[in-house]
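Me: I have this one open in the viewer and would like to talk it through before I set anything up. Can you walk me through it?

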Amino acid sequence: MRDYKVNKEAISESFCAEVYEIVRSVPVGRVTTYGEIAALLGKPQCSRMVGKALKQVPMELDLPCHRVVNAQGRLVPGWEEQRELLLSEGVRFKKSGCVDLSVYRWKFDSL
DNA sequence: CAGATGACCGCAG
DNA sequence: TCTGCGGCCATCT
C-alpha cells in the first residue's frame, strides 16, 4: 500500500477506461475480440494496446477479460484458466480449442 | 529520433 | 497445430 505504481507501461487512461467499459458490457456466454474493442475505440489497428490494457487490469474491477479473445478465436497464451472460465459460462470450444466466433462473437450494440 | 516490446492480424508453408 | 514474416499503433528507454 505504499504506492499503486504497479503500472509498468500505463497506457492512456482514456484508452483503458474505454476498454474497461466495453469488456464490462460483455454478457455471459459471449466473447469479443481485441480488434473489435480497438475498432470501437476508433483505432482498429490498435488491437495491441487493448491486450496490453487488459493485462494491467486489476481483478478487483471484476472485468471479464477472459471473454476477450483474438480474431482467431484463440485464448490468451499462458492463461489456461481462461478456458475453464468460459466453459463455466456456457461457451463451447472447437475441437482445436478455439472459440466458435461465428456463434459467440458479441457486437457492441446493446447499449 | 531510433530501437525495443506487446494477451494483435493476416498470410504462407 | 506451429513457426516465420511484415505491418499496424502506443508506450518506454
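Me: Let's start with α3: which of its residues are buried?
Reply: The buried residues of α3 are M49, V50 and A53, and, seen down the helix axis, they fall within an arc of 105°, so they line one face of the helix. Please keep in mind throughout that this is a predicted model.

Me: And what sits on the side of α3 turned away from that?
Reply: The face of α3 turned away from its buried side carries R48 and K55, which are exposed.

Me: What covers the buried residues of α3?
Reply: The cover includes α1 and α2. Taking V50 as an example, and leaving aside its neighbours within four places in sequence, this residue is in contact with V19, Y34, I37 and A38.

Me: What about M49, why does that one count as buried?
Reply: M49 has 20 C-beta neighbours inside 10 Å and therefore counts as buried, the cut-off being 20 or more. With neighbours within four places in sequence left aside, M49 is in contact with I11 and F15, while its C-alpha lies 8.0 Å from that of A38, a residue 11 places away in sequence.

Me: K52 is in which helix, and how is it classed?
Reply: K52 is found in helix α3, and it is partly exposed because it has 18 other C-beta atoms within 10 Å.

Me: Now the inside. How many residues are in the largest nonpolar core?
Reply: The largest nonpolar core has 20 residues, and those with the most contacts inside it are V19, V23, V31, I37, V50, V68 and V99. The elements that give two or more residues to this core are α1 (13–24), α2, α3 and β2 (68–69), with the largest share, 4 residues, coming from α1. As general background, nonpolar side chains tend to be buried together in soluble globular proteins.

Me: Which residues of α1 are buried?
Reply: C16, V19, I22 and V23 are buried in α1, and, viewed down the axis of α1, the buried residues fall within an arc of 120°, so they line one face of the helix. On the other side of α1, E13, S14, A17 and R24 are exposed, whereas the cover over the buried residues of α1 includes α2, α3 and β2.

Me: What length does α1 reach?
Reply: α1 has 12 residues and reaches 16 Å from its first C-alpha to its last, which is close to the 16 Å expected at 1.5 Å a residue.

Me: Last topic, the chain as a whole. How many helices and strands are there in chain A?
Reply: Chain A has 5 helices and 2 strands, which follow the pattern α-β-α-α-β-α-α along the sequence. Of the 111 residues of chain A, 23% count as buried. Among contacts in chain A between residues at least 6 apart in sequence, 66% join residues at least 24 apart.

Note on methods. Residues are numbered from 1 along each chain as its sequence is written. Chains are lettered from A and ligands numbered from 1 in the order in which they are written. This is a predicted model: local features need pLDDT of at least 70, side-chain atom pairs count only at pLDDT 80 or more; totals for chains, interfaces and linings use all residues. A nonpolar core is a set of buried Ala, Val, Leu, Ile, Met, Phe, Trp, Tyr and Cys residues joined through C-beta atoms within 7 Å. A residue is buried if 20 or more other C-beta atoms lie within 10 Å of its own, exposed if 12 or fewer, and partly exposed in between; C-beta atoms are placed from the backbone. Two residues are in contact if their C-beta atoms, placed from the backbone, lie within 7 Å. The expected span of a helix is 1.5 Å times one less than its number of residues. The arc is that of the directions from the helix axis to the C-beta atoms.
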